[in-house]
Amino acid sequence: MTTDSPERPDSRRSWLVALVGALGMVFTFGTPLSYGIFREPFSEAFGIAPVTLSSVFSVMLFTFFIGSGAVGVFAARIPARAVIVTCAATAGLIAPSLYVAESYLGLTVVFALLGLALGTVYVLLASIVPRWFDERRGAATGLIFVGNGLGLFLLPPIWQSVIARFGVRRGFLLVMSVTAVAFLLAGLACRRPRWADGSTATTGELLEWVGELAGTRTFKLLFVGIALAFSWYQLLAAFAIDLFAARGLSASAASTAFGLVGGVSIISRIGGGYIADEVGARRAFLASLGCSVAGVVLLFASQLSVLAVGVFLLGLGLGGTATLYIPLLMGIYGTDKDTAIVGLFNVAAGISALAMPPLGTASVAYTDGYAVAVALTFAVTVASFCLITVGTRPG
């Protein structure tokens, strides 16, 4: 970067990019992880059994993580602005699709495209915005993930309210139209800074790099550990609203309680970046996973006051892990292949995502209770903590 360039790290332009990126982030994770709300109304609207329908949402999560991860790896040489605008156009085209796509296959195609568009925007924003910063990279990463947390907080009750008021098809049209506009704004404002404008690696070089990484012990441990760090929340999303309702909350209060996990996560999304700047991404990330473990344990309780504490701890854990895994990975692998690194580990999350919605739904449907579902979530979270601890141990 030359000294006379109008673009500088940590500048006003950098913070503008981060703010617009945060707005775009609101519409990334919030929709795919609202599938627990979609299940019943979509089942009634299209005549598909809930357990069968959960496989449609598995495909959405699969393309959200794996499809967008692959795009992230190989889109490092493509202008980010063009890719994000393409995703905005895709969201706009998908918006009215439920008026014509009514079969299981049609819904699968729609949600596959939806997951790919949402996930690709997430990968690009999460990997590009930090490149605009040097001294305050952790804080800037926390800011864009505040948008992510707002989406997890706001989108579940918004989806429930919109579907209840307007129906499945019109509600989907409204929310996806707003999503398309937010992505268009992100595409116009967010690109890589000129001093870091893309990777020069060829496709063959990227494949060789991936192959070399895959052979290392650290990568193998982190690949599985990061996947499981996403999986506990994917499992929770499949049964949390029903669990809260079974504990005595109304349907709207249960969806709000689930949204509060994302709402509380804003605290750790803001604070996590600052803490990571001070104590290091590894310690902050593992502390966040520890909060998740404690929060899942409290879900075994039937008292609402204990569940409230559990929701708070889960929110702290969710926000910290979602924000800090990127600084953690970039501290290990460097920033020259920013989008490729984030995309590659999104593939890990996508592999586990194929199983999570059906597993969470079936564990409740076929056991007539929530103990097995909570136990599975606990096991996944503990396994993630152990793998990442070992995989990031110095020396």
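**Exercise 1. Sort the lining of the largest pocket by class, then locate the pocket**.

Step 1. Sort the residues. The lining of the largest pocket has eight nonpolar, two polar and three charged residues. Here Ala, Val, Leu, Ile, Met, Phe, Trp, Tyr, Cys and Pro count as nonpolar, Asp, Glu, Lys and Arg as charged, and the others, Gly among them, as polar.

Step 2. Note what is being read. This is a predicted model, where local features need pLDDT of at least 70, side-chain atom pairs count only at pLDDT 80 or more, and totals for chains, interfaces and linings use all residues. Residues are numbered from 1 along each chain as its sequence is written, and side-chain values use heavy atoms, with hydrogens and water left out.

Step 3. Give the volume. The largest pocket holds about 250 Å³ of space. A pocket is an open set of points on a 1 Å grid over the protein atoms alone, with protein on both sides within 12 Å along at least five of seven lines; a lining residue has an atom within 4 Å of a point. The volume is the space filled by probe spheres set on the points, which are joined across faces, edges and corners.

Step 4. Find the centre. Of the 13 lining residues, Ile37, Glu40, Pro41, Gln160 and Ala251 are the closest to the centre of the largest pocket.

Step 5. Find the elements. Two or more lining residues come from each of α2 (35–46), α6 (137–166) and α9 (217–246). The largest share, five residues, comes from α2. Helices are DSSP runs (H or I, at least four residues), numbered from the N terminus.

**Exercise 2. Describe the largest cavity**.

Step 1. Recall the idea. Rolling a probe the size of a water molecule over the atoms shows where empty space is left. A cavity is a set of grid points where a 1.4 Å probe fits but cannot get out.

Step 2. Count. There is one cavity of 30 Å³ or more. The largest cavity has a volume of about 170 Å³.

Step 3. Name the surroundings. It has 16 lining residues, and the closest to its centre are Ala229, Phe230, Leu318, Thr321 and Ala322. α6, α9 and α12 (304–333) each supply at least two residues of the lining. α9 gives the most, with five residues.

Step 4. Sort by class. The lining of the largest cavity has 13 nonpolar residues, three polar and no charged.

**Exercise 3. Classify the ring pairs of phenylalanine 64**.

Step 1. Set the rule. Rings of Phe, Tyr and Trp (its six-membered ring) pair if their centres lie within 6.5 Å; planes under 30 degrees apart count as stacked, over 60 as edge-to-face and the rest as tilted. The whole structure has 25 aromatic pairs.

Step 2. Take phenylalanine 65. Its ring centre is 4.9 Å from that of phenylalanine 64 and the planes stand at 75°, so the pair is edge-to-face.

Step 3. Take tyrosine 122. Its pair with phenylalanine 64 is stacked, at 6.2 Å centre to centre and 25° between the planes. Phenylalanine 64 lies in helix α3 (residues 50–74) and tyrosine 122 in helix α5 (residues 104–128), so this pair ties together parts that are 58 residues apart in sequence.

Step 4. Check burial. Phenylalanine 64 and tyrosine 122 are both buried. Phenylalanine 65 is buried too. Buried means under 20% relative accessible area, exposed over 50%, partly exposed in between (1.4 Å probe, protein chains only).
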